[in-house]
Amino acid sequence: MTNAQCVCGALRLVMREPEKLVAVCHCLACQRRTGTSFSVNAFYAADTVEISGAAREFNRVAESGRNVRMYFCPICGSTVYWKPDAAPAMIGVAVGALADPNFPAPTLSIFEQSKHHWVSLAEEVKRFNASLI
């Protein structure tokens, strides 16, 4: 099992199965959400994730035109997970919330048109200018 949590520990997730996908996103919304130049995201089957603790929801329209419901801790403000309407059976989890230096590396990089020129990824990472979800 894998665990994720916000900074203060009030919002927690337990993933009972391995991630289905790990991706880097360079879209401007992810840059603003994380406060850095990209986000690293792990996607799990939603029915394999147990969520405990209170969460606030923020709904935004993604560049795809579909809604993404992001959930953050109302105490510390950490965004821990999100649910993309484009993939209702999946839940996205911020890899940083897992706090695991041995977590698998991303295999996809999306919204590369917004990627900062100094960011470099391994050659085997598949690259896309848009989202796959």
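Since the model is predicted, local features need pLDDT of at least 70 and side-chain atom pairs count only at pLDDT 80 or more, while totals for chains, interfaces and linings use all residues. Residues are numbered from 1 along each chain as its sequence is written, and side-chain values use heavy atoms, with hydrogens and water left out.

Let's start with the sheet. Helices (H or I, at least four residues) and strands (E, at least two) are DSSP runs, numbered from the N terminus. Two strands pair if DSSP finds at least two bridges between them. Eight strands make up an open sheet with mixed pairing, and their order is 6-7-8-9-4-3-10-11. The edges belong to strand 6 (56-61) and strand 11 (126-127); each has a single partner strand, so one side of each is left without a neighbour in the sheet. In general, strands of a sheet pair through backbone hydrogen bonds, either parallel or antiparallel.

Val61 has Asn67 in strand 7 as its bridge partner. The two strands form a hairpin with five residues between them, and Gly65 in the turn has a positive phi of about 95 degrees. Moving along, strand 7 and strand 8 are also paired in the antiparallel sense, over five bridges, and Val68 is partnered with Pro84 in strand 8. Here the hairpin has six residues between the strands, with Gly77 at a positive phi near 85 degrees.

For the next bit, buried means under 20% relative accessible area, exposed over 50%, and partly exposed in between (1.4 Å probe, protein chains only). Ala99, in the loop between helix 2 (95-98) and strand 10, has a phi near 50 degrees and is exposed, at 65%. Phe111, in the loop between strand 10 and strand 11, has a positive phi of about 55 degrees but is buried, with a relative accessible area of 9%.

Next come the salt bridges (a side-chain nitrogen of Lys or Arg within 4 Å of a carboxyl oxygen of Asp or Glu). Searching the whole structure turns up three of them. Glu50 bonds this way with Arg16, the closest N and O atoms being 3.1 Å apart. That pair links distant parts of the chain, 34 residues apart: Glu50 is in strand 5 (residues 49-52), and Arg16 is in the loop between strand 2 (12-15) and strand 3 (21-25). Asp85 and Arg69 form another, at 3.3 Å between the closest N and O atoms. Asp85 is in the loop between strand 8 and strand 9 (90-94) and Arg69 in strand 7, so this pair ties together parts 16 residues apart in sequence. Arg127 and Glu112 also meet in a salt bridge (3.5 Å, N to O). In this pair Arg127 is partly exposed, at 37%, whereas Glu112 is buried, at 17%.

Finally, there is Ser78, in the loop between strand 7 (67-72) and strand 8 (79-84). Ser78 is buried, with a relative accessible area of 16%. Contact means heavy atoms within 4.5 Å. Leaving aside neighbours within four places in sequence, Ser78 is in contact with Cys6, Val7, Tyr71, Phe72 and Cys73.
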